[in-house]
Each structure stands twice: as C-alpha cells, then as structure tokens.
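Subject: Structure handover

Hi,

Here is the structure for you to look at. Please open it and read my notes alongside.

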Amino acid sequence: VEMTYCLIMGSSRGLGAAMVEEFLKREDMFIIGFARSDIKEIKNSEQWLATKRYRHIKTDITQSECTEKLKTICSELSGKPLMIIFNAALVKSDSSENKRIIYPIFDEINRIAIGGLRRVLEGVEDHLLNFGGVFVGISAFSAIAPPVQELRLAYPATKAYLDMVLRCLRFAWKAKVKVVTVHLGHLDSLGDGKRYWFVPNYAQTARKITQALGRVNIPNEINYPFLYNLLYRRFFVFVPDRVYYWAINLLTKIIPEQKK
C-alpha cells in the first residue's frame with residue numbers, strides 16, 4: 001500500500017490529537033505530529049506508536065527550529081506529496097474583567113497563530129511546490145465573536161488573518177498545491193456528551209474533517225457544522241453592529257456559559 005504522509009501541527013491534544021486518532025484508522029496514512037509536549041505527555045501515545053505509523057516531533061512552531069525540522073523531514077520524504085494540517089491556535093481570553101487588554105496573552109496568540117504559520121509555510125513551501133500536496137488551515141467563523149464564551153480579541157483577528165492567507169495561497173500556488181480552509185463552529189472541549197445539540201466534540205469534528213480530506217476531489221472549504229457556519233456567514237458577518245450585539249446579548253442570556 002502506498003503511504004500518504006500527513007504532518008499535523010498541534011497534535012498533542014484537542015482537535016489535533018483527535019485527527020491523529022482518525023487518520024491512524026487508515027492503514028495507508030503515516031502521521032508526523034508536531035507539538036510542544038513530549039510524547040510521554042500525550043494521551044494514547046503508546047497506541048499511536050504501536051501502529052508504527054506515527055512519529056512525534058517535539059518543537060515550538062513559533063521558533064526557527066520548527067522551520068528547520070520541517071525542512072529536514074521534507075528532505076527525507078523527497079518526491080512524495082505531503083498533507084500539512086495547520087492546527088495551531090491559542091483559545092484563551094485576552095481581555096480582563098474591566099475590559100482591559102491582557103497584552104502578554106494577546107502577543108502569545110499572535111506568536112502561535114501568525115508567527116507559527118509563517119514558520120510552517122517556510123518549512124514546507126519548497127517541498128509542496130516541487131512535489132505537490134495539500135495544505136489545510138483550521139479556521140473558525142465562530143471566532144468572529146464567540147457568543148457563549150469569554151471575550152477574545154486576538155483570537156478572531158488571527159483566524160481572519162489565516163483565512164486571508166489561505167485565500168491568497170490558492171492564487172499563489174494555483175494548481176500545484178491544494179489549499180483547504182476548514183471553518184468550524186464552537187467545539188465541546190469536554191467531550192463528555194454534556195453539550196448543546198449544535199456543539200460537536202473533537203472526535204466528531206475530526207471524523208468529518210478527515211472524511212472530507214480523504215475524498216478524491218478535496219473541497220476548497222470544509223464547513224462544520226454546516227448550518228452553524230451558514231448562519232455566521234449569512235447573518236453575523238453582514239448585519240449591522242447594533243443588531244449583531246443584540247443577538248449576542250440574547251444568546252448569552254438563553255445559553256449558559258460552557259464550563260471549562
């Protein structure tokens with residue numbers, strides 16, 4: 001069986017780990033996971049390694065060492081098309097109770113989501129342009145202003161940045177590299193079944209994403225949940241601010257804040 005090689009940024013937990021789980025169900029997939037965590041700190045890592053189709057790279061995508069490690073891996077896989085999944089975001093409030101910006105958190109979000117994207121692109125661009133492949137960016141329409149979670153400023157800004165970079169890459173790389181934008185709604189980080197009907201957990205979301213990426217004709221966009229993203233695209237993005245904030249305030253009264 002010819003192996004498909006997939007590099008996942010942020011593979012140690014959350015959605016990244018869930019995608020590793022899903023991809024390893026396919027015997028033709030070899031996963032290389034990138035994370036700041038050591039392999040021993042990752043849940044289910046023994047099972048991953050037992051498949052002999054998982055390799056772990058401990059690195060910080062905000063540092064130049066990540067770019068060099070990516071280039072080394074690309075040289076080892078010379079001639080083979082790669083799938084790169086950029087799943088890197090710090091989901092954290094950067095606004096205090098008195099509405100002041102918490103600048104260290106603001107900076108950290110930008111380092112991971114924007115600086116990290118730059119490091120990853122530099123590491124894989126030559127390989128993708130020479131041998132082809134797929135570059136997937138995990139974005140979120142819900143980042144525009146999460147209605148049931150704490151106020152975030154840098155997070156939606158970095159997601160908008162990722163959206164535009166991916167859109168521009170489609171023109172820059174043209175037919176040589178498939179560029180995919182994944183738009184997600186809110187995810188249930190607890191994953192214990194105690195979630196709202198429109199909030200899927202990491203496993204459900206990873207299953208949808210990997211299924212779409214396994215198609216012969218991979219779509220340019222993956223929207224999940226579809227109706228949720230359609231609501232954001234058609235309503236929240238285009239309505240006047242006063243209507244938007246009225247809807248947000250109404251939602252926060254109807255829907256209690258999800259426990260962390």
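Start with one definition: axes are lines fitted to C-alpha atoms, for helices over the stretch in contact, and angles run from 0 to 180 degrees between N-to-C directions. Two packed helices are described by the angle between their axes and the distance between the axes.

This is a predicted model, in which local features need pLDDT of at least 70 and side-chain atom pairs count only at pLDDT 80 or more, while totals for chains, interfaces and linings use all residues. Residues are numbered from 1 along each chain as its sequence is written, and side-chain values use heavy atoms, with hydrogens and water left out.

**Helix pairs**

Helices (H or I, at least four residues) and strands (E, at least two) are DSSP runs, numbered from the N terminus. Take helix α4 (residues 103-131) and helix α5 (residues 154-173). They pack at an angle of about 15°, with their axes 9 Å apart. That makes α4 roughly parallel to α5. The cut-offs: under 35 degrees is roughly parallel, over 145 roughly antiparallel, 65 to 115 roughly perpendicular, and the rest oblique. α4 passes α5 in a right-handed crossing. Right-handed means that the near helix is turned clockwise from the far one by less than a right angle; anticlockwise is left-handed.

Which residues meet? In α4 they include F106, I109, L117 and L128; in α5 they include Y155, Y161, L169 and W173. The residues of this contact of α4 with α5 divide into 15 nonpolar, 2 polar and 1 charged. Here Ala, Val, Leu, Ile, Met, Phe, Trp, Tyr, Cys and Pro count as nonpolar, Asp, Glu, Lys and Arg as charged, and the others, Gly among them, as polar. Contact means heavy atoms within 4.5 Å.

Now go to helix α3 (residues 64-76). The axes of α3 and α4 come within 7 Å and cross at roughly 20°. So α3 is roughly parallel to α4. The crossing of α3 and α4 is right-handed. From α3, the contact uses S64, T67, L70, K71 and C74. From α4, it uses R119, V120, E122, G123, V124 and H127. By class, the contact of α3 with α4 has 4 nonpolar, 4 polar and 3 charged residues.

**Single residues**

Is H56 buried or exposed? H56 counts as buried because its relative accessibility is 18%. Buried means under 20% relative accessible area, exposed over 50%, partly exposed in between (1.4 Å probe, protein chains only). H56 is found in strand β3 (residues 54-58). Its side chain makes a polar contact with the side chain of Y54 (2.9 Å). The side chain of H56 also reaches the backbone oxygen of S37 at 2.9 Å. A polar contact is a pair of N or O atoms within 3.5 Å; within protein, one must be able to donate a hydrogen and the other to accept it, and residues adjacent in sequence count only if both atoms are side-chain atoms.

F23 is found in helix α1 (residues 14-23). At 1% relative accessibility, F23 is buried. The C-alpha atoms of F23 and G214 are 191 residues apart along the chain but separated by 9.4 Å.

L187 lies in the loop between β6 (177-184) and α6 (202-213). L187 is buried, with a relative accessible area of 16%.

Best wishes
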